[in-house]
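Keep the structure open beside you as you read.

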Amino acid sequence: MAVSPMFPLGSVLFPFVPIQLRIFEPRYLTLVGRLLDEDEPEFGVVLIERGSEAGGGDQRASVGTMARLVSAAAGADDLFIVGLGTRRFTVERWVDEDPYPRAELSILPDLEWSEKLAPLRAQAEAAVRRLIVRAAGPQSDDDIELSDDPVAAVWQLAAIAPLGDYDSYTLLRSTTLGGLLRQLIDLVLEAEELWSAE
């Protein structure tokens with residue numbers, strides 16, 4: 001079981017989705033410095049369920065996503081990094097956090113695509129785009145481009161859906177692609193009802 005450096009964050013990272021982070025805490029600057037020495041730098045991202053990103057003492061979710069470090073740029077007192085979500089994992093155990101959070105992880109199996117899911121995917125995409133337009137205006141979905149890879153596109157839909165962190169975490173924990181699509185549709189329809197009520 002591999003021990004991975006970890007970023008507990010106030011948001012969910014999905015596979016196939018980029019993440020941008022501004023790093024300023026000394027422990028995370030050390031983490032990134034060590035990643036930059038690796039041939040294939042990766043770190044884990046988990047949702048903070050209670051607490052804050054800075055300072056520690058938080059309560060963390062048990063399922064997260066690995067991110068491959070794509071780039072790092074130095075600022076005056078901080079670093080800006082870009083990662084790309086890859087595989088999901090379960091945290092088996094948090095280990096000594098000196099100097100930064102680390103955990104033993106088990107990688108979860110990739111979700112598999114079937115052409116039978118194409119109508120469900122089309123329904124999910126229509127619902128997500130409809131909700132984005134409702135939340136952000138008529139032109140808000142004009143620039144949304146999804147991957148040609150159907151599995152990547154489904155995760156990207158989950159990422160752009162204007163849902164709360166708890167709902168996003170529910171989607172991240174899906175065990176099948178069909179289940180993920182059905183849950184996404186249900187959550188978006190619920191969100192639409194809330195928008196209508198307001």
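The buried residues of helix α3 pack against β5 (79–95), α2, α4 (165–172) and α5 (177–197), where buried means under 20% relative accessible area, exposed over 50% and partly exposed in between, with a 1.4 Å probe and protein chains only. Packing here is contact, meaning heavy atoms within 4.5 Å. Helices (H or I, at least four residues) and strands (E, at least two) are DSSP runs, numbered from the N terminus. Please note that this is a predicted model, in which local features need pLDDT of at least 70, side-chain atom pairs count only at pLDDT 80 or more, and totals for chains, interfaces and linings use all residues. Residues are numbered from 1 along each chain as its sequence is written, and side-chain values use heavy atoms, with hydrogens and water left out.

How many of the 11 residues of α3 are buried? The count is 8, so α3 is largely enclosed by the rest of the structure. The buried residues are V151, A152, A153, V154, W155, Q156, L157 and A158. At the start of this helix, the backbone nitrogen of V151 lies within 2.8 Å of a side-chain oxygen of D149.

Two helix pairs can be set side by side. Axes are lines fitted to C-alpha atoms, for helices over the stretch in contact, and angles run from 0 to 180 degrees between N-to-C directions.

| Helix pair | Angle | Axis separation |
|---|---|---|
| α2 (residues 118–136) and α3 (residues 150–160) | about 30 degrees | 10 Å |
| α4 and α5 | about 160 degrees | 9 Å |

From α2, residues R121, A124, E125, V128 and I132 meet P150, A153, V154, L157 and I160 of α3. This contact of α2 with α3 comprises 8 nonpolar, no polar and 2 charged residues.

Finally, have a look at F16, which sits in the loop between β1 (2–9) and β2 (18–23). F16 is partly exposed, with a relative accessible area of 36%. Leaving aside residues up to four places away in sequence, F16 touches L84, G85, T86, V151, A152, W155 and Q156. F16 and V151 are 135 residues apart in sequence, yet 8.8 Å apart in space, C-alpha to C-alpha.

Terms used. Nonpolar A, V, L, I, M, F, W, Y, C, P; charged D, E, K, R; others polar. Polar contact = N/O pair within 3.5 Å; in protein donor to acceptor, adjacent residues only side chain to side chain.
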